[in-house]
Amino acid sequence: MAERSVSRSFVHVSSDADGIRVEVPDVVPTLEPFLASLGWHGHPTYSGTLDLGEARWPTLRQVGLPHLGPNWRQLPPGRLWAAHAVAMARWRKGQTSPGSPTLLDLKAELARRESSPCRLCALRCLARRQEGERGLCGAGHQSRVFSFQVLSAEEPGLGRGAAARLSGCNANCTYCSRPDGIPSLAGREVAPEQVRDWLESQAESVEAIHWIGGNVDQELPFILKVMAGLSSPLPVIWNHNATATPEVAIPLLDGVVDVYLPDLRYGSGPCAARTGADVMNYAHATACIEAELRQDAQVIVRHLALPGHIDCCSRPVLEWLSRYRDRVFLSLMGCGYMPLRFAMEDIQLGRSLNQAEHATLEELVNSFRLRRVS
């Protein structure tokens, strides 16, 4: 059957052997000059309250896996990953059953194994952390906490959260705002029970649990062990630099995290490497965020606009986000960039954004019609 088509105004209708297709293009860019004359200037800043809803991770403990047997921790990785896939399918259908281990226990064990050799972040350094080796990020077997704090999220709607700020990071940004907590040996050693007790003590005064680094991805085994014994059903906010591995870490976080807060700062050029953050490169960060978008969780992408990097980084980042404008929120991180550490001596990074850069950034957000939360 030959293809036939007809166009009426903005609608294009065509038919062939496969059936009839109706295409309605995005007409807003065409109408923007007219809409602007009426006072419309792109998608408004989101000013409502994000609905955190109920935490999902407690339901992971309702999926029992007793068929794995009492010696399930000795099973080969392939068997455990297969059990994880089946159990996640049951969980999504709401099929619960009692028994031990639980799906959350299984996630914690898989995270422990995937940390030795380590495949939890984009470095994929394969360090045998459970045997005493340290990864390229500096993380080893023992986790450390730089501070315990109750904070108000920069993003409106996320409310007050209890945050155990973990030491260590897999990036070395020249402008880092928390260099005192970045070294892997900063802070103090803690046991999962200590962190769990502190979170429980704050449960009545906060709306969520914030996991913050450094970067938290490499501490996934420790965090899941904390969560496995936690009784307060608070939603989980995962604040990270979008370097978690899409094939390992992100599937283990499925069902655990209610709100992802990934960083997406750089375009596809050499800027990430030049600022000490090659691990946060565009290719990996976008793959990580796409993996998060495939889950039933809210995703708020944080973009820290850097001076001198509007065209090379901010523009491609915001354009990429526009593909998912109905599924993600954008946070421009409130106070914005301030030159710190070695950036003070950098010809580009040694200043804040100027007025023209701020104006261009606003124009880009409006032209791509992105939903903002700050």
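This is a predicted model: local features need pLDDT of at least 70, side-chain atom pairs count only at pLDDT 80 or more; totals for chains, interfaces and linings use all residues.
I looked up the largest cavity first, and it holds about 60 Å³ of space. A cavity here is a set of points on a 1 Å grid over the protein atoms alone where a 1.4 Å probe fits but cannot get out. Its volume is the space filled by probe spheres set on the points, with grid points joined across faces, edges and corners. Residues are numbered from 1 along each chain as its sequence is written, and side-chain values use heavy atoms, with hydrogens and water left out.

Next I checked the lining (residues with an atom within 4 Å of a point). Among the residues around the largest cavity I found Arg134, Arg144, Ser184 and Glu219. The lining divides into one nonpolar, seven polar and three charged residues. For these classes, Ala, Val, Leu, Ile, Met, Phe, Trp, Tyr, Cys and Pro count as nonpolar, Asp, Glu, Lys and Arg as charged, and the others, Gly among them, as polar.

The second largest cavity has a volume of about 40 Å³. I noted Cys118, Cys121, Cys125 and Cys137 among its lining residues. Five of the lining residues are nonpolar, two polar and one charged.

Then I turned to pockets (open sets with protein on both sides within 12 Å along at least five of seven lines). How much space lies in the largest pocket? I read about 880 Å³. Of its 35 lining residues, Ser177, Arg178, Arg265, Arg302 and Met333 are the closest to the centre. By class, the lining has 17 nonpolar, 10 polar and eight charged residues.

The second largest pocket comes to about 390 Å³. Its lining has 19 residues, and the closest to its centre are Arg112, His141, Pro221, Phe222 and Lys225. H4 and H6 each supply at least two residues of this lining; helices are DSSP runs (H or I, at least four residues) numbered from the N terminus.

H4 (residues 103-114) and H6 (residues 220-228) pack at an angle of about 160°, with axes 8 Å apart. Axes are lines fitted to C-alpha atoms over the stretch in contact, and angles run from 0 to 180 degrees between N-to-C directions. H4 is therefore roughly antiparallel to H6, a term for angles over 145 degrees.

Definitions and conventions
Angles under 35 degrees count as roughly parallel, over 145 as roughly antiparallel, 65 to 115 as roughly perpendicular and the rest as oblique.
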